[in-house]
Amino acid sequence: MVTRHSPKETLLSWEVNITGKAARKAKLPGKMSKPVKFYYDLLSQPSRAMVIFLKLARIPYEDLPVALRNGEHLSEDFKNQVNRFQRVPCINDNGFKLSESVAIVRYLANKHKIPDTWYPQDAKKQALVDEYLEWQHNNTRITCALYFQLMWLKPLLTGKKPTEKEVDTHLQRVVTTLDAIENIWLEKTPFLAGNEVTVADLWAACEIEQLTLTPYDFRKGRPRLTAWLEKVRSSSNPHYDEAHKILKKLAEKTSAKL
Ligand SMILES: N[C@@H](CCC(=O)N[C@@H](CS)C(=O)NCC(=O)O)C(=O)O
């Protein structure tokens with residue numbers, strides 16, 4: 001299960017582990033901590049957002065994929081050693097364990113010097129990013145994730161199709177959320193928290209992209225959301241496309257079956 005990160009990022013990890021003579025030459029403290037252990041599954045929406053963020057912010061990390069589909073997170077070992085809530089994403093930063101993607105992003109942004117655009121230092125700009133990150137729990141996250149589970153995951157796991165009533169109820173909640181993004185969040189600005197792309201956009205985009213596994217065309221009738229999603233993608237590529245590769249492949253297979 002434990003794999004190392006790509007050669008490019010491995011080099012970054014190595015750079016922060018530099019010690020002794022080389023460290024003195026580079027004016028780095030002699031003893032630096034190891035890269036943060038990062039546990040994730042690319043089919044998990046907040047995991048994808050975290051992967052993209054870690055790469056954009058150039059935060060060195062140890063790459064630890066967890067196959068949710070195989071129930072790897074349900075083992076006692078995972079519960080005791082990785083995350084007591086048995087979810088991904090989560091981290092272990094030299095013994096400091098943390099779950100909940102929003103808490104993780106704030107912790108890492110506090111600890112590392114990251115490009116200001118993704119999680120701004122300015123109090124007001126940061127508060128606007130946080131406003132979305134707090135709002136999304138009861139809106140984008142819950143509505144899109146439940147609809148995805150109803151339409152794709154549950155039928156796959158149980159072989160049972162949802163009832164018409166269930167589909168209507170859950171879809172209506174998705175529609176209300178996405179309409180709020182179109183008409184309120186994106187009413188005056190190109191991104192959710194203003195004129196610059198931030199982690200708020202990454203978290204929202206990864207959640208909404210999950211709907212590509214369902215029959216619902218979330219772009220239809222939402223020109224602002226459509227343009228915004230493309231801007232988020234281009235602002236964070238190639239990492240955005242890399243993180244969504246598996247999802248896109250599964251979406252192609254799913255639509256071929258319909
Ligand atoms: N609010 C959490 C959500 C974490 C979460 O629900 N993760 C899902 C995958 S998207 C998970 O690990 N599910 C495993 C399970 O429920 O068994 C976050 O933002 O990190």
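1. I'd start with Tyr132, which counts as buried because 21 C-beta neighbours fall inside 10 Å, and the cut-off for that label is 20 or more. Bear in mind throughout that this is a predicted model. Tyr132 is found in helix H6, residues 123-135. Setting aside neighbours within four places in sequence, the contacts of Tyr132 are Trp185, Leu192, Ala193, Ala200 and Ala204.

2. Now the overall picture. The protein has 11 helices and four strands. Of its 258 residues, 34% are buried. Take the contacts between residues at least 6 apart in sequence: 69% of them join residues at least 24 apart.

3. Helix H7 deserves a look of its own. With 19 residues (140-158) at 1.5 Å a residue, H7 should span 27 Å, and the 25 Å between its end C-alpha atoms agrees with that. Even so, H7 has a kink of about 45°, centred on Gln149. Just after the helix comes Gly159, with a positive phi of about 75°.

4. Which residues of H7 are buried? They are Thr140, Arg141, Thr143, Cys144, Tyr147, Phe148 and Met151. For the spacing, recall that an α-helix has 3.6 residues a turn, so residues three or four places apart point the same way. The cover over the buried residues of H7 includes helix H8 (164-185) and helix H9 (199-209).

5. On the packing of H7 against H8: their axes come within 9 Å and cross at roughly 145°, and the crossing is left-handed. H7 puts Thr140, Thr143, Cys144, Leu146, Tyr147 and Leu150 into the contact, while H8 supplies Glu166, Val167, His170, Leu171, Arg173, Val174 and Thr177. By type, the residues of this contact are seven nonpolar, four polar and two charged. Thr140, Thr143, Cys144 and Tyr147 are among the H7 residues in this contact, and these four are also among the buried residues of H7.

6. Next, some backbone points I'd check by eye. Most residues other than glycine have a negative phi, and most peptide bonds are trans. Two cis bonds turn up here. One joins Val88 and Pro89, with omega about 5°; Pro89 sits in the loop between helix H4 (76-82) and strand E3 (90-93). Another runs from Asn237 to Pro238, with omega near 10°, and Pro238 is in the loop between helix H10 (223-236) and helix H11 (239-257).

7. Asn94 has a positive phi of about 50°, and its place is the loop between E3 and strand E4 (96-99).

Definitions and conventions:
Residues are numbered from 1 along each chain as its sequence is written. This is a predicted model: local features need pLDDT of at least 70, side-chain atom pairs count only at pLDDT 80 or more; totals for chains, interfaces and linings use all residues. Helices (H or I, at least four residues) and strands (E, at least two) are DSSP runs, numbered from the N terminus. The expected span of a helix is 1.5 Å times one less than its number of residues. The bend at a residue is the angle between axes fitted to the seven residues ending there and the seven starting there. A residue is buried if 20 or more other C-beta atoms lie within 10 Å of its own, exposed if 12 or fewer, and partly exposed in between; C-beta atoms are placed from the backbone. Two residues are in contact if their C-beta atoms, placed from the backbone, lie within 7 Å. Axes are lines fitted to C-alpha atoms, for helices over the stretch in contact, and angles run from 0 to 180 degrees between N-to-C directions. A crossing is left-handed if the near helix is turned anticlockwise from the far one by less than a right angle, and right-handed if clockwise. Ala, Val, Leu, Ile, Met, Phe, Trp, Tyr, Cys and Pro count as nonpolar, Asp, Glu, Lys and Arg as charged, and the others, Gly among them, as polar.
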